[in-house]
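Subject: Structure handover

Hello,

Here is the structure for you to look through. Please open it alongside this email, as my notes on what turned up follow below.

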Amino acid sequence: MTSISNPINFNEHMWVIEMRRSLNEEVEEDNEVPVNIFNVPKALMANKPDCYVPQEVALGPFHRLRPELYEMERYKLAAAKRAQKNHPEVNFESFVDQLTRHETRVRACYHRFLRCNGETLAWMMAIDACFLLDFLHVYAVKSGRAITKSSSKMMTHLVDYAGTKSAHNAILRDMVMVENQIPLYVLRKLLEFQFSTLDEADDMLLLMLVGFGEDLCPFPMTYLSDQIHVEEQAHLLDFLYHLIVPPRSKETSEVEVVIEPENEDDEPNENKERSSPESNHVQQLFPMIWDMLSALAQSPIRLLKLPLFSNAVKFIMKLPWENISNLPGFSIFYQNKNPENGNSNSNSNSNSNSNITKSPLMEEIAIPSVSELCNSGLRFLPTNGSISSITFDPKTATLYLPTVSLDVNTEVTLRNLVAYESSNASGPLIITRYTELMNGIIDTKEDAKIMTERGIILNRLKSDEEVANLWNGMSKSIRLTKVPFLDKVIEDVNKYHSGIWKVKAGKFMKRYVFGSWQLLIFLATISFLLLMILQSFCSVYSCPRTFQIPEDQ
């Protein structure tokens with residue numbers, strides 16, 4: 001649908017004409033093209049905008065008017081001239097006219113309303129397609145199936161057959177950005193003009209796309225090229241996504257129906273389960289103290305046991321400490337353990353305001369770091385598969401993770417894959433869950449170093465610290481997701497780690513000693529006062545005679 005002119009000069013009659021023509025076009029074409037080119041969610045964009053905004057070249061209409069990207073327009077025009085020169089039998093304007101006739105299909109791919117007329121959109125798509133094919137031509141040259149031997153002289157400093165030039169990598173990063181896509185349908189149409197049959201055009205496009213995927217895919221490409229159908233791919237980023245996450249089968253779709261819906265009723269129960277152990281520390285700690293005291297037989301201890309085991313103390317232990325802890329004066333014992341609860345009333349307004357700008361989930365996956373897992377005896381081994389190859393073997397205590405290659409393009413690629421998945425995927429967010437897993441287990445450069453030494457991370461960055469920063473910077477996600485096989489791995493790893501005796505002892509000390517230091521100070525003070533009273537009593541009265549304790553004790 002062509003755009004209406006400036007809203008300030010709104011013309012009702014022209015609007016009716018545009019609506020009638022657009023409806024007629026859609027009915028004639030019977031076109032049901034799903035939206036597949038989106039805006040990056042604002043929450044993700046605010047985190048690191050340079051990873052989502054093109055820095056060298058604008059492809060498509062979203063970033064067309066940015067002045068800093070005008071420089072690349074002359075390279076696009078050069079690519080269009082080159083395409084017309086190499087194929088003189090092809091009339092470039094006839095290609096533009098064909099795109100104009102399919103304007104509705106092109107517009108349907110974009111989530112945002114495009115404020116440009118049909119002719120402008122068609123010329124934009126045609127020139128951008130020429131530039132992309134000229135750039136992707138490098139992969140056809142590498143395979144030895146290129147129609148021409150090299151790119152234009154004007155593109156020599158941008159196109160790098162070895163893949164080492166900074167400009168080459170910068171354009172590659174721009175080509176995978178969510179907002180910088182054009183429909184792959186346009187590239188197919190342009191190649192169809194240059195080849196005798198559509199099958200030959202699709203074979204050449206697939207060859208280019210596979211080379212493009214090998215450059216940018218951080219995982220081993222186990223998805224065979226003969227399983228990829230070019231006509232089913234929406235754009236370059238969509239192709240790269242399906243290299244990593246193949247289309248779901250019927251089995252996975254059935255699992256998805258069971259797993260994906262979030263049960264809102266479970267959240268209050270989980271909160272209760274988390275809060276009740278904290279509020280019942282008093283009730284859990286006193287029985288342990290009683291057992292320790294009952295095992296002792298010394299006389300001073302027996303004197304202390306008399307008041308401790310009295311009916312008054314037993315009555316105190318039966319009080320509802322969970323409710324009493326919320327009363328003024330008692331809540332101080334729990335402020336440090338639950339700082340967010342203690343400050344909830346005073347900071348309610350600030351929290352509500354921060355939630356507006358802090359909508360992504362900041363919580364990491366509850367899983368120990370690589371260093372902690374290694375200390376508990378868990379091993380890490382690499383696999384040559386994709387994300388679906390992640391497994392945990394409890395018998396050998398081995399966590400299998402796919403080999404991932406990290407270079408200057410990886411962060412932009414992964415971030416845009418996550419953004420695209422959150423906008424387009426109707427099922428589990430597999431790549432998002434994987435990045436959350438890696439963010440959970442890699443906290444420091446020591447963790448990154450261990451993963452590199454195990455062969456799981458192929459580090460082509462400058463240092464291990466950059467690797468740790470890359471994963472730690474990807475902790476935000478738009479919505480919760482459940483991926484059955486990854487959630488099972490996380491659960492099994494946590495179960496193994498929690499079963500180690502050293503971990504149990506550490507949790508016990510943290511929960512009952514370090515986490516209850518206010519209570520322990522309180523008990524120590526009371527015990528000290530009782531001993532002082534006992535000492536004063538015994539200095540006046542004869543304790544052995546009063547309590548009938550033999551002198552030899």
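A term to start with: a crossing is left-handed if the near helix is turned anticlockwise from the far one by less than a right angle, and right-handed if clockwise. Please also keep in mind that this is a predicted model.

**Overall**

The chain has 553 residues, and 44% of them count as buried. Its secondary structure comes to 28 helices and five strands. Take the contacts between residues at least 6 apart in sequence: 72% of these join residues at least 24 apart.

**Helix pairs**

Start with helix α9 (residues 198-216) and α10. α9 passes α10 in a right-handed crossing. Their axes come within 10 Å and cross at roughly 65°. That makes α9 roughly perpendicular to α10, because angles of 65 to 115 degrees fall in that class. From α9, the contact uses Leu206, Leu209, Val210, Phe212, Gly213 and Leu216. From α10, it uses Leu236, Phe239, Leu240 and Leu243. By class, the contact of α9 with α10 has nine nonpolar residues, one polar and no charged.

Next, helix α21 (residues 410-424) and helix α22 (residues 430-441). They pack at an angle of about 135°, with their axes 8 Å apart. That makes α21 oblique to α22. Here the crossing of α21 past α22 is left-handed. α21 brings Leu417, Val418 and Glu421 to the contact. α22 brings Ile430, Ile431, Thr432 and Thr435. The residues of this α21 and α22 contact divide into four nonpolar, two polar and one charged.

Lys445, Ala448, Lys449 and Thr452 in α23 meet Asp464, Glu465, Val467 and Ala468 in α24. The contact of α23 with α24 divides into three nonpolar, one polar and four charged residues.

**Aromatic pairs**

How many aromatic pairs does the structure hold? The count is 10. Two are worth a look.

One is Phe92 with Trp123. Their ring centres are 5.9 Å apart and the planes sit at 45°, so the pair is tilted. Phe92 lies in helix α4 (residues 92-101) and Trp123 in helix α6 (residues 118-143), so the pair ties together parts that are 31 residues apart in sequence. Phe92 is buried, with a relative accessible area of 9%. Trp123 counts as partly exposed, at 32% relative accessibility. Ring pairs also link Phe92, Phe95, Trp123 and Phe193 into a cluster.

The other is Tyr241 with Tyr420. Here the ring centres are 6.0 Å apart and the planes are at 80°, so the pair is edge-to-face. Tyr241 lies in helix α10 (residues 236-244) and Tyr420 in helix α21, so the pair ties together parts that are 179 residues apart in sequence. Is Tyr241 buried or exposed? Tyr241 counts as buried, at 9% relative accessibility. Tyr420 counts as buried too, at 2%.

**Buried spots**

Helix α7 (residues 166-175) is largely enclosed by the rest of the structure, because eight of its 10 residues are buried. The buried residues of α7 are Ala167, His168, Asn169, Ala170, Ile171, Leu172, Asp174 and Met175.

Ile441 is in helix α22. Ile441 is buried, with a relative accessible area of 0%. What does Ile441 touch, not counting residues up to four places away in sequence? Its contacts are Ile367, Pro368, Ser369, Val370, Leu401, Asp447 and Met451. The C-alpha atoms of Ile441 and Ile365 are separated by 8.5 Å, and these two residues are 76 apart along the chain.

Finally, check the backbone at Ala397. Ala397 has a positive phi of about 55° although it is not a glycine. Ala397 sits in the loop between β2 (391-393) and β3 (398-402). Ala397 is buried, with a relative accessible area of 7%.

Best wishes

Notes: Residues numbered from 1 in each chain as written. Predicted model: local features only at pLDDT ≥ 70, side-chain atom pairs only at ≥ 80, totals over all residues. Heavy atoms only, no water. Axes fitted to C-alpha atoms, helices over the stretch in contact; angles between N-to-C directions. Helix = DSSP H or I, 4+ residues; strand = E, 2+ residues; numbered from the N terminus. Parallel < 35°, antiparallel > 145°, perpendicular 65-115°, else oblique. Contact = heavy atoms within 4.5 Å. Nonpolar A, V, L, I, M, F, W, Y, C, P; charged D, E, K, R; others polar. Phe/Tyr/Trp six-rings, centres within 6.5 Å; stacked < 30°, edge-to-face > 60°. Buried < 20%, exposed > 50% of the residue type's maximum accessible area, 1.4 Å probe, protein only.
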